[in-house]
Amino acid sequence: MALTLYVDTARWRAHQKSVLDQFPGIVPVCKGNGYGFGHERLADEVTRFGSDILAVGTTYEAARIKDWFGGDLLVLTPFRRGEEPVPLPDRVIRSVSSVDGVHALVGARVVIECMSSMKRHGVKEEELGQLHAAIEDVRLEGFALHLPLDRMDGSDAVEEVIGWMDRLRAARLPLHTMFVSHLKAEELARLQQQFPQTRFRARIGTRLWLGDHEATQYRGAVLDVTRVSKGDRFGYRQQKVASDGWLVVVAGGTSHGVGLEAPKALHGVMPRAKGVARAGLATVNRNLAPFVWAGKQRWFAEPPHMQVSILFVPADAQELKVGDELVAHLRHTTTQFDRLVDR
């Protein structure tokens with residue numbers, strides 16, 4: 001009995017192909033928990049569709065995945081002096097976001113990150129003049145721009161990239177390759193047309209692996225079903241049941257990421273109102289579970305345990321049986337499955 005990730009493999013791979021066709025020279029990204037699929041599975045997929053490069057989040061991820069993928073590995077987290085050294089093969093490319101970092105990586109293959117409107121990290125315009133001497137001692141693979149997902153000010157992503165291309169060209173720095181993130185296919189095509197001598201390579205993870213929501217589904221297996229009456233006590237804290245129904249033990253707990261929710265940026269009155277309502281219910285121990293039964297998302301009876309969750313299903317709902325599976329609306333990047341099943 002497990003929390004299972006079901007994958008409609010043909011549909012999932014058809015979506016991958018549609019993204020690959022839209023973004024020639026794509027740099028697939030495999031970081032964190034492998035977008036819910038795991039590093040080994042995504043390394044196999046990247047090998048299958050023939051990419052020459054795979055981007056990972058950290059040097060530790062590169063060390064783990066190097067035995068599963070034989071091409072170049074681009075580490076997205078920028079190098080910092082004093083970081084713990086991790087033994088890595090020469091095919092690993094390091095991202096660098098400072099002139100000092102470039103100086104420290106003599107002989108290494110590097111991608112230099114420029115400071116975008118994300119304002120997260122990157123070399124600034126006034127530092128470009130210092131890069132000439134620094135890049136003589138490294139193998140420069142290109143420059144990179146990590147762009148924001150939303151542009152609340154109405155600015156143009158393409159114009160931001162063009163601005164950096166002009167700055168790099170004015171500083172007489174090589175423009176053979178530019179790595180970019182969060183551009184639409186048509187935006188990438190505009191850039192390629194305007195700068196035919198530069199190869200633009202889109203780093204894509206979420207859109208590639210999770211862009212077709214219908215291709216994957218989490219389900220938790222029902223392990224036990226216990227009928228309860230209003231007032232019965234249950235669970236670790238011996239709370240009282242509010243009404244007649246069933247306590248349903250389902251595979252999927254905190255070790256799987258159940259109950260873990262990343263903060264969301266809310267825009268508009270309605271999403272904010274719903275957020276306030278959820279917070280209010282939580283103060284009286286009413287928390288909606290990600291598990292669905294008979295078309296409704298059900299409530300946690302108590303906070304999820306390490307490997308299972310206990311749900312309350314009211315008496316007027318269809319009765320569950322041990323072995324049934326409940327669809328679970330879980331975030332791929334925070335979920336660890338027990339097993340993956342290709343269909």
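How far apart do the end C-alpha atoms of residues 14-152 lie, and how much of the span is helix and strand? In this predicted model, the end C-alpha atoms of residues 14-152 lie 33 Å apart, and the span is 27% helix and 20% strand. Helices (H or I, at least four residues) and strands (E, at least two) are DSSP runs, numbered from the N terminus. According to an unreviewed UniProt entry, residues 14-152 carry the annotation "domain: Alanine racemase N-terminal"; UniProt positions are given in the numbering used here, feature names are shortened, and annotations may be inferred rather than shown by experiment.

Residues are numbered from 1 along each chain as its sequence is written, and side-chain values use heavy atoms, with hydrogens and water left out. Because the model is predicted, local features need pLDDT of at least 70 and side-chain atom pairs count only at pLDDT 80 or more, whereas totals for chains, interfaces and linings use all residues.

The protein chain contains nine helices and 18 strands. Its C-alpha atoms fill a box of roughly 75 × 45 × 40 Å along the principal axes. Of the 343 residues, 47% count as buried, where buried means under 20% relative accessible area, exposed means over 50% and partly exposed lies in between (1.4 Å probe, protein chains only). Contact means heavy atoms within 4.5 Å. Among contacts between residues at least 6 apart in sequence, 66% join residues at least 24 apart.

Helix H1 (residues 9-22) includes Thr-9, which counts as buried because its relative accessibility is 12%. Leaving aside neighbours within four places in sequence, Thr-9 is in contact with Arg-41, Asp-342 and Arg-343. The C-alpha atoms of Thr-9 and Gly-142 are 133 residues apart along the chain and separated by 34 Å.

In helix H2 (residues 39-49), the buried residues are His-39, Arg-41, Leu-42, Ala-43, Glu-45, Val-46 and Phe-49. The elements that cover them include H1, S2, strand S3 (53-56), helix H3 (59-65), helix H8 (206-210) and strand S18 (339-342). Gly-50 follows H2 and has a positive phi, near 85 degrees.

Two packed helices are described by the angle between their axes and the distance between the axes. The axes of H1 and H2 come within 12 Å and cross at roughly 60 degrees; axes are lines fitted to C-alpha atoms, for helices over the stretch in contact, and angles run from 0 to 180 degrees between N-to-C directions. H1 and H2 are therefore oblique to each other, given that angles under 35 degrees count as roughly parallel, over 145 as roughly antiparallel, 65 to 115 as roughly perpendicular and the rest as oblique. The crossing of H1 and H2 is right-handed; a crossing is left-handed if the near helix is turned anticlockwise from the far one by less than a right angle, and right-handed if clockwise. On the H1 side, Thr-9, Trp-12, Arg-13, Gln-16 and Leu-20 meet Arg-41, Leu-42, Glu-45, Arg-48 and Phe-49 of H2. By class, this contact has four nonpolar, two polar and four charged residues; Ala, Val, Leu, Ile, Met, Phe, Trp, Tyr, Cys and Pro count as nonpolar, Asp, Glu, Lys and Arg as charged, and the others, Gly among them, as polar.

Pro-28 is found in strand S2 (residues 27-28) and counts as buried because its relative accessibility is 0%. Beyond neighbours within four places in sequence, the contacts of Pro-28 include Val-46 and Phe-49, along with Ile-53, Leu-54, Ile-204, Leu-208 and Trp-209. The C-alpha atoms of Pro-28 and Ser-117, 89 residues apart along the chain, are separated by 23 Å.

The contact is made by Ala-157, Val-158, Glu-159, Val-161 and Ile-162 of H6 with Glu-187, Arg-190, Leu-191 and Gln-194 of H7. These residues divide into five nonpolar, one polar and three charged.

Most residues other than glycine have a negative phi. Arg-172 has a positive phi, near 55 degrees, and is found in the loop between H6 and strand S8 (177-181); Arg-172 counts as exposed, because its relative accessibility is 72%. Gln-238 also has a positive phi, of about 55 degrees, and its place is in the loop between strand S11 (233-234) and strand S12 (239-240). With a relative accessible area of 41%, Gln-238 is partly exposed.
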